[in-house]
Amino acid sequence: MRVLISGFGTVGQGFAEVVASRQDFFRERYGKEVRIVCAMDSKTYASDPDGLDPLELVSVKNTAGRVGRNTYEDSVKVMDSVDYDLLVEVSPTDVLTGGVGLTNIVHALECGKDVITVNKGPLALKFPELIGLARKNRCKFRFEGSVGGAMPIINLCHENLMGERIKSIRGIFNGTCNYILSKMDSGQPFEQALREAQQMGYAESDPANDIEGYDAACKVVILANSVFGRNVTFSDVNVTGISSITSEAVALAAANNMVIRLIGEVSDSKLEVSPRLIPKGHPLGISGTLNAAQILSDLAGPIAITGRGAGRKETASAILSDLIAIMDARK
Amino acid sequence: MLVNAELYVKDLPGQLVGSLEPISMVNGNIVGVVHNRDRIINHRICVNVTFEVDNNDDLEKLKNVWKARDVLIDSIGSVYKTASMEYLLLGLFNASYVEELIEKAAETVPFESVDVSYSTANHTKTRTAMITVEVLNEDDLDKLNLILEESCREEGIVYIRGL
C-alpha cells in the first residue's frame, strides 16, 4: 500500500509514527508493508517511490520546520507526480471553503484513489459530492477520525450497529468546551477557564471555532450526512456556543445536581449544538477534554461511548482503523 | 407513558382477552388488570386496566381498535407517569418575566407542576433562573420547548434545556 500524506502537522506526524510502529502487523496481515511515498506540509514535500522513512520525516519536520526540500505552489501537481494508492488528508480544517484539503480529496477521488481524512471542512461542506465521487470512481472514502478523534463512532454506527435503526446521537464533540465547562464546575469563571485552556494548548489563540460551537457543528453535520443519510451542511445547524455561560448558571445547575455541557444532537429531524443541562452521573456529564456520545438505536437501545477527542496518537489511531479497513477490503 | 383506562366489555366469553389484546398490538405493556364483575351496565362488565405505551400516537391507535371491537371506553387518560424537563434562563430579566412566560406557556401546555429557583448572586445585573416542569407527555414537552426557545430568543435571553 503506497500512501501519500497531505498535511504534516501533529496528526500527520502521529500517523507516520504509527505506520512505523505497525509494519510488523502489516507484514503479518497483508504480507506487505505500508509505504509512505510522499508527505506534504503546507509548503514543501518529500517523495520516494520506494518509500520514505516515517520517523526520519518526523525528525526532519521537527528540526528543519519542513517535511522536505522540495517546495510547491500547487498540491495537485505534487499528487500527480507520485504513484500512490491512498491519500491520507490531514491538512488544517477550513470550514469556510474546505481549503486545500477539499482540493486534494476531490483530485484523489477523481483519480480513483482511496482517501482517509480527518479534515472536517471538506466533509462539513461537500459531503454528498465527495461520497458521490467516491462511489462513481469506486474508491474507498473513510473519515472516522473526523468526529470524536479516537472515540469510534462513525464506523461503530456503520459496521457494528449495521441493521439497527439509529434514532439519535447526542454527544460531547469538542474537548476544549468540555474542559472549560468542567473547570467552571470547580468555580472558575469562564474567561479564566478559557485562558487556562489556551495555556494548556487545548484552545487556539482565537477560540471562536471551539467556544462558539462551530467545531462541534461540523461534526454534527458529518454524523447527519454519514449516519442518518441527510443532505445538510454547516449552515443548517442550529448553533449556540458556551461564551454566554456564567458562573451563576453553572452554580444553579450544580445546586440542582446537574452540569452544563455543550451537546451536539442529530437525528432525522434535529441538527443542533447547544449548551444543555446534564444530570450528574449521566454518560454525557463527563469532565475534562474527553469526548462522549450516546447513540440511541431501535434494537440495542442507548449505547454510550467515550474517548479522547483529539491528540497526535489518538487521531492517528482512528486513521489506522480506517487504513486497515481499506486494506482488508482491497485484499 | 403510563395510562389507566376504564372499559366496558360485553359479558361474553373471550371479551376480556379481546379488550386486552389490542394493547399488545400497539407494543404496549400491561401493568395491571382488574375485572370488576360487580359493576355491570347494559350487560357489560367494567374492566380497569393500567398499561404503558410509547406515545400518544400508539394510544390513539389503541382507542381506534377498541372502538372497532365494540369495547366502550368509559374513561382514559389518568396518566401517572409524566415527562419532566429543566430549563436554565440567563440574562436581563426579572421574576415577573418568568411568571408571565410560564402563564403564556400554560395557555398551550397543561402543567402538572412548575418549580422556579433563581441564582442568589446579586453583583451583576443578569439573573439566572432554573425552571423545572412536569407535563403530561413528550409532545407537550416539545411544544413547551418551542414556546420558551422563541420567547427567550426574542428577549435576548440565553436558554439552556435539559436532555
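**A residue and its surroundings**

Guide: B:Val71 is buried, since 21 other C-beta atoms lie within 10 Å (buried means 20 or more such neighbours within 10 Å, exposed 12 or fewer, partly exposed in between, with C-beta atoms placed from the backbone). Residues are numbered from 1 along each chain as its sequence is written, while chains are lettered from A and ligands numbered from 1 in the order of writing. The model is predicted, and local features need pLDDT of at least 70, side-chain atom pairs count only at pLDDT 80 or more, and totals for chains, interfaces and linings use all residues.

B:Val71 occupies the loop between helix H2 (56-68) and strand S4 (72-76) of chain B. Helices and strands here are DSSP runs numbered from the N terminus (helices H or I, at least four residues; strands E, at least two). Leaving aside residues up to four places away in sequence, the contacts of B:Val71 are B:Leu7, B:Val9, B:Ser19 and B:Trp66, a contact being a pair of residues whose C-beta atoms, placed from the backbone, lie within 7 Å. B:Asn56 stands 15 residues from B:Val71 along the chain, and their C-alpha atoms are separated by 19 Å.

B:Asn27 lies between helix H1 (15-25) and strand S2 (29-41) of chain B. Because B:Asn27 has 11 C-beta neighbours inside 10 Å, this residue counts as exposed. Its phi is near 60°, a positive value in a residue other than glycine.

H3(B) passes H4(B) in a right-handed crossing (left-handed if the near helix is turned anticlockwise from the far one by less than a right angle, right-handed if clockwise). B:Leu101, B:Lys104 and B:Ala105 of H3(B) meet B:Leu144, B:Ile147, B:Leu148 and B:Ser151 of H4(B). This contact has 5 nonpolar, 1 polar and 1 charged residues, where Ala, Val, Leu, Ile, Met, Phe, Trp, Tyr, Cys and Pro count as nonpolar, Asp, Glu, Lys and Arg as charged, and the others, Gly among them, as polar.

Chain B also meets its partner: 13 residues from chain B and 15 residues from chain A form the contact. On the side of chain B, strand S5 (83-91), strand S7 (127-135) and strand S8 (158-162) are the elements that give two or more residues. S8(B) gives the most, with 4 residues. By class, this side of chain B has 7 nonpolar, 4 polar and 2 charged residues.

Chain A is assigned domain 1 (2-150 + 312-329) and domain 2 (157-308). The C-alpha centres of these domains of chain A lie 27 Å apart, and 14 residues of domain 1 are in contact with 15 residues of domain 2. Helix H6 (residues 120-136) of chain A supplies the largest share of the domain 1 side, 6 residues. That side comprises 9 nonpolar, 3 polar and 2 charged residues.

H6(A) also packs with helix H11 (residues 214-227) of chain A; their axes come within 9 Å and cross at roughly 40°. H6(A) and H11(A) are therefore oblique to each other, and their crossing is left-handed. By class, the contact of H6(A) with H11(A) has 7 nonpolar, 1 polar and 2 charged residues.

Finally, A:Asn257 sits in the loop between helix H12 (247-255) and strand S10 (258-267) of chain A. Its phi is near 65°, a positive value in a residue other than glycine, and with 9 C-beta neighbours inside 10 Å A:Asn257 counts as exposed.

Notes
Contact = placed C-beta atoms within 7 Å. Domains from an automatic or database assignment. Axes fitted to C-alpha atoms, helices over the stretch in contact; angles between N-to-C directions. Parallel < 35°, antiparallel > 145°, perpendicular 65-115°, else oblique.
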